[in-house]
Amino acid sequence: MTAMPPDDHPRFLTDENFEPAIVAGLRRKRPAIDIQTAIEAGTRTMPDPLVLSYAAAHDRILISHDMRTGPTHFGEFLAHGGHSPGGMLVSSRLAIGLAIDALLLIWDASRHGEWRDMMTRMPL
């Protein structure tokens, strides 16, 4: 298996309610992973549509647990002419270890551009 160039891996942004233990586990297992939290990005108190705009402007796939309103906001963002690096909805009921493994699989096996304008639900 040929190693992927580091700059071609997906780059992530978590929303304000994303489980910190998942981020910590991702960073522990793959120190090179490019994941930014809402606190690090300064988006913690932003409304969801602005977080989507921030993610698009900074070319980051948004990761969220918000299964209820996330898809609606994402769809409206695209309907109004926006483009997104992508969105990933991780069920808050998914065990932390399984969420970490799923996101690592995505980081290891896909390219950043593969997720453009797509909203994905996990578990896959």
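Predicted model: local features only at pLDDT ≥ 70, side-chain atom pairs only at ≥ 80, totals over all residues.
For leucine 103, when residues up to four places away in sequence are not counted, the residues touched are Phe18, Ile22, Leu26, Ile63, Met88, Val90 and Met122.

Isoleucine 106 counts as buried because its relative accessibility is 5%, the cut-off for burial being under 20%. With residues up to four places away in sequence left out, isoleucine 106 touches Pro10, Phe12, Met88, Trp115, Met122 and Leu124. The C-alpha atoms of isoleucine 106 and proline 123 are separated by 11 Å, the two residues being 17 apart along the chain.

Helix 1 and helix 5 have axes that come within 9 Å and cross at roughly 50°. Helix 1 is therefore oblique to helix 5, and the crossing is right-handed. On the side of helix 1 the contact is made by Ala21, Ile22, Gly25, Leu26 and Lys29, and on the side of helix 5 by Ile96, Ala99, Ile100, Asp101, Leu103 and Leu104.

Asp48, Pro49, Leu52, Ser53 and Ala56 of helix 3 make the contact with His73, Phe74 and Phe77 of helix 4.

Within helix 3 (48–57), the residues Val51, Leu52, Tyr54 and Ala55 are buried. Viewed down the axis of helix 3, the buried residues fall within an arc of 160°, so they line one face of the helix. In general, an α-helix has 3.6 residues a turn, so residues three or four places apart point the same way. The elements against which the buried residues of helix 3 pack are strand 1 (11–14), strand 2 (34–36), helix 2 (38–41), strand 3 and helix 4 (70–79).

The loop between helix 2 and helix 3 contains threonine 43. Threonine 43 counts as buried because its relative accessibility is 2%. Apart from neighbours within four places in sequence, threonine 43 is in contact with Leu13, Ala38, Val51 and Tyr54. Val51 and Tyr54 are among the buried residues of helix 3.

Most residues other than glycine have a negative phi, and most peptide bonds are trans. Aspartate 59 is a residue other than glycine with a positive phi, near 55°. Aspartate 59 lies in the loop between helix 3 and strand 3, just after helix 3. Aspartate 59 is partly exposed, its relative accessible area being 34%. Aspartate 117, likewise not a glycine, has a positive phi of about 60°. Aspartate 117 is found in the loop between helix 5 and strand 5 and is partly exposed, with a relative accessible area of 26%.

The peptide bond from methionine 122 to proline 123 is cis, and its omega is near 15°. Proline 123 belongs to the segment that follows strand 5 (119–122). Met122 is among the residues touched by leucine 103 and by isoleucine 106.

Arginine 111 is placed in the loop between helix 5 and strand 5. Arginine 111 counts as partly exposed, with a relative accessibility of 41%. The C-alpha atoms of arginine 111 and proline 10 are 5.9 Å apart in space, although 101 residues separate the two in sequence.

Conventions: Residues numbered from 1 in each chain as written. Heavy atoms only, no water. Contact = heavy atoms within 4.5 Å. Helix = DSSP H or I, 4+ residues; strand = E, 2+ residues; numbered from the N terminus. Buried < 20%, exposed > 50% of the residue type's maximum accessible area, 1.4 Å probe, protein only. Arc of directions from axis to C-beta. Axes fitted to C-alpha atoms, helices over the stretch in contact; angles between N-to-C directions. Parallel < 35°, antiparallel > 145°, perpendicular 65-115°, else oblique. Left-handed = near helix turned anticlockwise from the far one by under 90°.
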